[in-house]
Amino acid sequence: KLSKDNEEDDLEKKLKSHRRGKVSKFFILILIIAIGVGGYIIHLNNKVYTTYELKERVEISDAYNANFYEFGEYMLRYSEDGIAYLNGGETYWNQAFEMREPIIDISNSYVAVAQQKSNDIYICNTKGFQGKVETEFPIVALSVSDKGIVAAITGEKSDVSYIEVISEDGTKIAKGQSVLSSQGCPVDLSISSDGTKLAVSYLCVGSGVIESKVVFYNYSEIGKNEVDRFVGGFNFDKTMIAKTEFINNDIVVAYGDDRVIIYSMKQKPSVIKEIIIDKEIKSVFYDEEYVGLIVASGQADNPYTMLVYDIEGTKVCDMDINFSYKNIKIANKTIILYNDVTLKVYTVKGKTKYESNFDEGIVDVIMLEDRYNYLIVTPMSIDKIKLK
């Protein structure tokens with residue numbers, strides 16, 4: 001007969017054994033789930049889509065006289081007559097105007113539209129028209145933040161330009177003057193999503209030599225003690241920096257005719273990576289995670305090369321393309337190229353995911369938040385499709 005102590009020891013051993021068994025079963029279950037999820041991810045990464053499911057079709061007209069953009073959860077349609085926020089056949093809001101040469105900039109949650117060389121900027125967000133702000137001088141280019149703050153290049157004379165920064169309620173945050181003969185002429189600008197930082201590319205032409213510079217301003221507490229809020233700048237000889245873009249709140253990309261420069265701009269700028277490009281740049285594209293460009297390859301059979309870099313400047317894709325594309329976009333680690341009849345879909349690493357012709361024709365393609373779901377704008381309809 002067992003003693004009381006022996007009975008208690010035996011019970012404790014059984015309890016420990018039971019607990020170990022439950023823990024083992026739990027970890028085995030976790031391992032099975034992890035293997036299953038990993039296998040599913042590998043399957044999705046390797047899957048090549050061969051067809052699509054038409055989820056919805058909305059009849060439209062006059063698509064060729066409009067432009068379409070991803071915005072919020074849905075899409076914008078704008079033309080010389082106005083701008084509308086659409087979800088398929090449902091119009092959430094519509095703002096009418098008459099602009100012969102409208103210029104537009106879109107952030108994650110705001111859109112700004114202005115007539116070229118006018119002084120008025122229409123500001124909208126996903127809820128609709130939020131107001132109109134006025135610049136002091138005629139507008140040349142503009143950029144809008146996620147807070148509704150607008151930065152614009154303005155000027156009415158060829159030798160004097162201004163940088164104006166205006167909040168959604170019309171408050172003038174900044175106005176700086178640039179004289180061509182001394183500072184150069186601003187050609188592009190981009191404001192950060194929080195509206196506190198600005199990157200501007202300038203072009204200088206002296207003695208027949210092109211020079212560029214990328215200049216950074218900070219309108220937060222960090223920059224208030226700096227002259228004109230200037231917090232840093234970089235000069236480039238014999239290079240034209242045509243485009244600057246905040247791809248997220250702290251990363252700026254400057255595109256030149258022979259290089260791409262990735263900057264960190266948390267408060268003051270620093271170079272993350274400068275990438276020299278020795279071939280003609282045809283197109284550029286970007287999202288919050290990747291920077292890409294199409295360059296001329298110099299090959300007759302594959303005339304283009306697609307290059308993709310992460311925000312650290314590491315190359316993740318270098319592939320030749322034999323396709324006469326009209327436009328290129330990137331989102332959700334996916335790249336699409338399309339022309340008037342053909343859509344091609346790739347991963348950011350260059351793996352082909354889908355390729356097909358659309359008999360109805362393609363006016364535009366809108367990338368939706370759900371991966372491999374698209375809005376195909378045809379001359380007569382907007383088709384929501386899902387690759388399968």
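Phe-71 counts as buried, at 2% relative accessibility (buried means under 20% relative accessible area, with a 1.4 Å probe and protein chains only). This comes from a predicted model, where local features need pLDDT of at least 70, side-chain atom pairs count only at pLDDT 80 or more, and totals for chains, interfaces and linings use all residues. Residues are numbered from 1 along each chain as its sequence is written, and side-chain values use heavy atoms, with hydrogens and water left out.

The structure holds 17 aromatic pairs (Phe, Tyr or Trp rings, the six-membered one for Trp, with centres within 6.5 Å; planes under 30 degrees apart are stacked, over 60 edge-to-face, the rest tilted). One of them joins Phe-71 to Tyr-85, edge-to-face, at 5.4 Å centre to centre and 70° between the planes. Phe-71 sits in strand 2 (residues 67–71) and Tyr-85 in strand 4 (residues 82–87), 14 residues apart; strands are DSSP E runs of at least two residues, numbered from the N terminus. Tyr-85 is buried as well, with a relative accessible area of 4%.

## A stacked pair

Phe-137 and Tyr-162 are stacked, with 4.2 Å centre to centre and 5° between the planes. Phe-137 is in the loop between strand 9 (128–134) and strand 10 (139–144), while Tyr-162 is in strand 12 (residues 160–166), so the pair ties together parts 25 residues apart in sequence. Both Phe-137 and Tyr-162 are buried.

## Cluster and charge

Back at Phe-71, ring pairs link this residue with Tyr-74, Tyr-85, Tyr-92 and Trp-93 into a cluster.

Elsewhere, the charged end of Lys-213 sits over the Tyr-202 ring, 5.7 Å from its centre (that takes NZ of Lys or CZ of Arg within 6 Å of the ring centre and within 35 degrees of the ring normal).

Note on methods:
Helix = DSSP H or I, 4+ residues; strand = E, 2+ residues; numbered from the N terminus. Buried < 20%, exposed > 50% of the residue type's maximum accessible area, 1.4 Å probe, protein only.
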